[in-house]
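Please read them with the structure open.

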Amino acid sequence: MSEQTQQRVTSGQRRVVVVGAGMAGVQTAVALREQGFTGAVTVLGAEPHQPYDRPPLSKAVLLGKAEGAAFDVDFEEIGVELRLGCEVLGVRPDDREVDTVGGTSQDDGSDAGPVAVPYDVLVLATGAEPIRLPGTEGVPGVHLLRTLDDAARLRPVLARQHDIVVVGAGWIGAEFATAAREAGCAVTVVEAADRPLAGALPAEVAAPMTGWYADSGAELRTHARVAHVEPGEVVLDDGTRLPAGAVVVGIGARPATDLLAGSGIALGPHGEVLADACLRTSVPDVYAVGDCASFPSGRYGERLLIHHWDNALQGPRTVASNIVGEATDEPPVHYNPVPYFWSEQFGRFVQYAGHHADADTTVWRGDPAGPAWTVCWLRENRLVALLAVGRPRDLAQGRRLIEAGAEMDPGLLADPARPLKAATA
């Protein structure tokens with residue numbers, strides 16, 4: 001940043017308040033400093049723990065191979081005020097204030113009661129919260145896996161090798177079942193749909209994954225709905241009773257936006273913040289990023305709501321650029337990523353890039369019964385998405401080809417021995 005530009009940013013001394021201390025919130029603060037923002041930055045985190053990464057919770061932390069997953073960020077060194085245990089109750093855009101209760105300031109360690117935090121620019125990075133299984137509130141032995149405290153409660157459960165019932169065969173259910181089997185637990189996964197990952201992948205792509213459960217020693221029950229949970233048992237709607245020393249619920253997540261009630265900030269059909277292409281909300285000087293927000297994708301021509309780690313890593317850079325750019329009259333930056341996520345389950349590394357909803361052609365690379373294969377989705381012969389199992393090179397090359405809008409030759413693409421980049425038309 002030039003000296004003149006830096007002076008213009010400094011002269012405003014704007015205060016940015018970030019609500020949420022997960023990946024999206026922390027990366028927003030870091031990106032602001034990296035891009036030369038010199039005003040005040042405050043991050044409000046509801047949990048008492050130092051901000052941490054979530055993917056290790058279902059792996060190393062859960063299995064006791066790591067105590068935590070704190071971000072390697074020195075907030076004091078980069079001049080960011082971090083308030084932990086600070087619950088945000090509401091947002092009042094007309095007054096440019098956030099209502100909070102509790103919290104400890106990293107600056108002086110003081111405890112705060114109810115307090116209104118003023119802002120010039122607000123960034124909503126509240127993430128998502130797990131959907132609870134109806135009727136299980138207060139039932140002992142029922143767990144979620146979203147926070148560090150959740151993982152801490154589940155670690156002794158795995159250590160005691162309980163019989164475990166996992167409700168939901170999505171990404172988190174598969175990852176937890178993997179860890180539980182590694183710990184020596186008997187695992188039954190119940191899924192209301194006819195296959196795992198029913199909400200994420202087409203039937204023909206998810207079908208090969210069904211066998212992964214049995215191969216690992218876990219039992220997968222599809223078309224299985226939970227009627228109710230009793231202490232020590234899960235009762236299915238057909239009357240089947242499954243022994244359960246513990247029940248882990250992984251049936252999805254929803255944007256954590258209840259705190260925005262009455263704020264005037266527009267929400268979408270899933271309760272998510274409706275951000276524009278620059279990640280601005282419907283209210284001036286308020287941005288939204290990560291799991292809590294959807295945005296219009298210029299690449300795919302539809303609004304995307306992405307609950308994955310990479311989105312929470314990439315989006316903050318756009319937010320920071322636009323906050324800095326407002327003070328320096330720079331043109332706004334649009335957020336137009338190729339969505340990406342990965343999952344480690346049953347000894348396999350699964351990666352996905354893109355968005356396949358509007359694809360008109362599916363091309364397989366390799367045998368889905370084997371340990372390594374890829375599915376590619378094309379639209380008008382252009383690669384729009386791919387899922388790679390044990391083929392990281394396909395993923396890396398495919399992601400670049402999606403970004404480039406490359407036209408592919410389906411016949412060449414189907415040859416798993418040919419590099420993806422050599423299958424262009």
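1. The model is a predicted one, in which local features need pLDDT of at least 70 and side-chain atom pairs count only at pLDDT 80 or more, while totals for chains, interfaces and linings use all residues. Residues are numbered from 1 along each chain as its sequence is written, and side-chain values use heavy atoms, with hydrogens and water left out.

2. β11 (residues 163-167) and β12 (residues 186-190) run parallel and are joined by 5 bridges; strands count as paired if DSSP finds at least two bridges between them. Strands are DSSP runs of E with at least two residues, helices runs of H or I with at least four, numbered from the N terminus. Between β11 and β12 the chain passes through helix α4 (residues 171-182), and this β-α-β crossover is right-handed (clockwise from the first strand over the helix to the second, with the strands pointing away from the viewer).

3. β11 also pairs with strand β17 (residues 246-249), in the parallel sense and over 4 bridges. There, A246 is the bridge partner of I164. Of the 5 residues of β11, 4 are buried (under 20% relative accessible area, 1.4 Å probe, protein chains only).

4. An open sheet is formed by 3 strands in the order β4-β5-β7, with antiparallel pairing. β4 (87-92) and β7 (115-118) are at the edges with a single partner strand each, so one side of each has no neighbour in the sheet. β4 and β5 (residues 97-101) pair over 5 bridges, and V88 has T100 of β5 as its bridge partner.

5. Helices α2 (residues 23-34) and α6 (residues 309-328) pack at about 35°, with axes 8 Å apart; axes are lines fitted to C-alpha atoms, for helices over the stretch in contact, and angles run from 0 to 180 degrees between N-to-C directions. Residues in the contact include M23, Q27 and L32 of α2 and W309, R317 and V324 of α6 (contact means heavy atoms within 4.5 Å). The contact residues divide into 12 nonpolar, 2 polar and 1 charged.

6. G45 is in the loop between β2 (40-44) and β3 (80-84). G45 counts as buried because its relative accessibility is 1%. Leaving aside residues up to four places away in sequence, G45 touches A21, R83, L84, G85 and C86.

Methods
Ala, Val, Leu, Ile, Met, Phe, Trp, Tyr, Cys and Pro count as nonpolar, Asp, Glu, Lys and Arg as charged, and the others, Gly among them, as polar. Buried means under 20% relative accessible area, exposed over 50%, partly exposed in between (1.4 Å probe, protein chains only).
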